[in-house]
Amino acid sequence: MLRFDVLTLFPGMFAPVLAHSMLKRGQDKGLLTVKVHNVRDFTADRHKVVDDMPYGGGAGMVMKAEPILLAVAAIRQEAQAVGEDIRLIFPTPQGRRFTQDYAQQLAGERRRIVILCGHYEGVDERVRMTLVPEEVSLGDYVLTGGELPALVLIDAAARLVPGVLGDPSSVVDESFSEPLLEYPQYTRPAEIAGVGVPDVLLSGHHEAIRVWRRKEALRNTYVRRPDLLTGRMLTREDQQLLNELMSEGLLTAPTSCREEE
Ligand code: ADE
């Protein structure tokens with residue numbers, strides 16, 4: 001059972017996402033639990049204040065440390081009461097980059113994963129200093145808070161828990177676990193606006209289909225993300241498929257080269 005505890009000022013952002021698709025299925029099957037806690041419930045004052053003006057001045061508000069510290073302490077205590085431990089994660093653009101490997105590691109986590117969602121202009125630095133959370137970034141852009149990143153972490157990890165997706169092979173064969181990008185997929189009808197489906201996919205020839213897909217995955221990877229191929233040991237088959245693509249002249253220049261033109 002993969003267990004997340006989310007600490008947020010906006011608990012309402014989670015239920016709609018968790019109520020659909022694979023995240024719903026994971027919870028229904030008892031493979032995933034997500035408990036959402038409102039940081040405001042951990043304030044001690046009458047007005048339930050969760051943010052305040054920054055010392056030194058400047059724009060925006062800063063999330064206060066005390067409610068967060070109290071909330072994490074409560075979750076830790078609850079976990080320890082049943083012999084469990086917690087792993088604290090703080091989504092922030094300053095963190096280490098979130099990757100498929102990181103998602104894989106979360107999926108296998110036995111501790112309760114506590115995700116602290118920041119908001120406003122930031123969180124009082126003493127939260128970092130006292131709790132020393134793992135800081136994780138989704139990429140070099142700034143979101144309004146940690147809620148969407150938290151959902152991304154949960155989604156990416158949950159789908160790797162055996163049984164959450166219907167077909168276990170769909171996890172193995174896809175982009176980034178491999179790591180090659182995906183081959184193109186088609187479904188009915190066989191023709192749309194004059195555009196058909198590659199004959200081989202209609203042939204029923206399993207081996208030919210496998211080879212075609214491998215070749216297209218290599219093409220896609222070479223064209224869009226050549227960095228995923230550099231320094232990588234290629235199987236004899238992959239080498240041959242790449243050679244074929246080269247000699248067919250079907251490989252456009254890698255995107256990174258094109259940008260330099
Ligand atoms: N919070 C705000 N922006 C973020 C980002 N890019 N990644 C993770 N957490 C964030």
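In this predicted model, a nitrogen atom of the ligand lies 3.0 Å from a polar backbone atom of Leu143. A backbone N or O atom of Tyr141 is found 2.7 Å from a nitrogen atom of the ligand, and for a polar backbone atom of Thr92 the distance to a nitrogen atom of the ligand is 3.1 Å. Of the 260 Å² of accessible area that the ligand has on its own, the protein covers 96% (areas come from the Shrake-Rupley method with a 1.4 Å probe).

Next comes the shell around the ligand. Strand S5 (86-97) and strand S7 (134-137) are the elements that give two or more residues to this shell; strands are DSSP runs of E with at least two residues, numbered from the N terminus. The most comes from S5, with three residues. Among the residues around the ligand are Pro91, Pro93, Val136 and Gly145. By class, the shell holds eight nonpolar, four polar and no charged residues (Ala, Val, Leu, Ile, Met, Phe, Trp, Tyr, Cys and Pro count as nonpolar, Asp, Glu, Lys and Arg as charged, and the others, Gly among them, as polar).

Turning to another residue, Arg3 belongs to strand S1 (residues 2-8). Arg3 counts as buried because its relative accessibility is 17%, and buried means under 20% relative accessible area with a 1.4 Å probe and protein chains only.

Residues are numbered from 1 along each chain as its sequence is written, and side-chain values use heavy atoms, with hydrogens and water left out. Local features need pLDDT of at least 70 and side-chain atom pairs count only at pLDDT 80 or more, while totals for chains, interfaces and linings use all residues.

Conventions: Near = heavy atom within 4 Å. Polar contact = N/O pair within 3.5 Å; in protein donor to acceptor, adjacent residues only side chain to side chain. Helix = DSSP H or I, 4+ residues; strand = E, 2+ residues; numbered from the N terminus. Buried < 20%, exposed > 50% of the residue type's maximum accessible area, 1.4 Å probe, protein only.
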